[in-house]
Amino acid sequence: MVALLVACSQETPDERAANMLKEARYALHHHLYDEARDTIFSLRRNCPTAIEARKQAILLLDSIEMNAAADSLRLVTGEEWKRLNVKKQFFERKLQEDLKKKD
C-alpha cells in the first residue's frame with residue numbers, strides 16, 4: 001500500500017490528468033455520466049497545469065452531456081423530450097465546433 005501511495009505521489013500533473021481522462025472515458029463508455037462528469041471536474045480542479053488534457057476534457061465533457069441527453073430521450077415524452085432533444089442538439093453542434101477549432 002505504501003508503494004502505491006509513493007507511486008501516485010510521483011505522478012506528474014500531466015500523467016494524473018491523462019489517467020483521469022481514461023477514467024472519464026471508461027465511465028462514459030459504461031453510461032456512468034455523473035461519474036464521468038465528476039472526474040472531468042476533478043481534473044480541472046486538481047490538474048490546472050495539464051493544458052493538453054484540459055483541452056481534451058472540454059471535448060469529452062461535451063460528449064458526456066450529449067450522450068446523457070440522448071440516453072434520457074428514450075425515457076421521456078412531451079415537453080421533457082423536447083427540452084432534452086434541444087440539449088442533445090446543442091452539444092452535438094458545440095462538439096462539432098470545438099473539433100473544428102482543434103484542427
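**How the helices pack**

Helix α2 passes α3 in a left-handed crossing, a label used when the near helix is turned anticlockwise from the far one by less than a right angle (right-handed if clockwise). Keep in mind that this is a predicted model, where local features need pLDDT of at least 70 and side-chain atom pairs count only at pLDDT 80 or more, while totals for chains, interfaces and linings use all residues. Residues are numbered from 1 along each chain as its sequence is written, and side-chain values use heavy atoms, with hydrogens and water left out.

**Helices α2 and α3**

- Helix α2 covers residues 13-29, and its axis lies 7 Å from that of α3, at an angle of about 165°; axes are lines fitted to C-alpha atoms, for helices over the stretch in contact, and angles run from 0 to 180 degrees between N-to-C directions.
- The two helices α2 and α3 are therefore roughly antiparallel to each other, the term for angles over 145 degrees.
- On the α2 side, the contact includes Arg-16, Met-20 and Leu-28, and on the α3 side it includes Tyr-33, Thr-39 and Asn-46; contact means heavy atoms within 4.5 Å.
- Sorted by class, this contact of α2 with α3 has ten nonpolar, three polar and three charged residues. Here Ala, Val, Leu, Ile, Met, Phe, Trp, Tyr, Cys and Pro count as nonpolar, Asp, Glu, Lys and Arg as charged, and the others, Gly among them, as polar.

**Helices α3 and α4**

- The axes of α3 (residues 33-46) and α4 (residues 51-73) come within 10 Å and cross at roughly 160°.
- Helices α3 and α4 are therefore roughly antiparallel to each other, and α3 passes α4 in a left-handed crossing.
- Among the residues making this contact are Phe-41 and Arg-44 of α3, with Leu-61 and Asp-71 of α4.
- By class, the contact of α3 with α4 has ten nonpolar, one polar and five charged residues.

- Ser-63 lies in helix α4.
- Ser-63 has a relative accessible area of 15%, so it is buried, meaning under 20% (1.4 Å probe, protein chains only).
- Leaving out residues up to four places away in sequence, Ser-63 touches Leu-28 and Leu-95.

**The whole protein**

- There are five helices and zero strands; helices (H or I, at least four residues) and strands (E, at least two) are DSSP runs, numbered from the N terminus.
- Buried residues make up 34% of the 103 residues.
- Of the contacts with a separation of 6 or more, 59% join residues 24 or more positions apart.

Definitions and conventions:
Buried < 20%, exposed > 50% of the residue type's maximum accessible area, 1.4 Å probe, protein only. Parallel < 35°, antiparallel > 145°, perpendicular 65-115°, else oblique.
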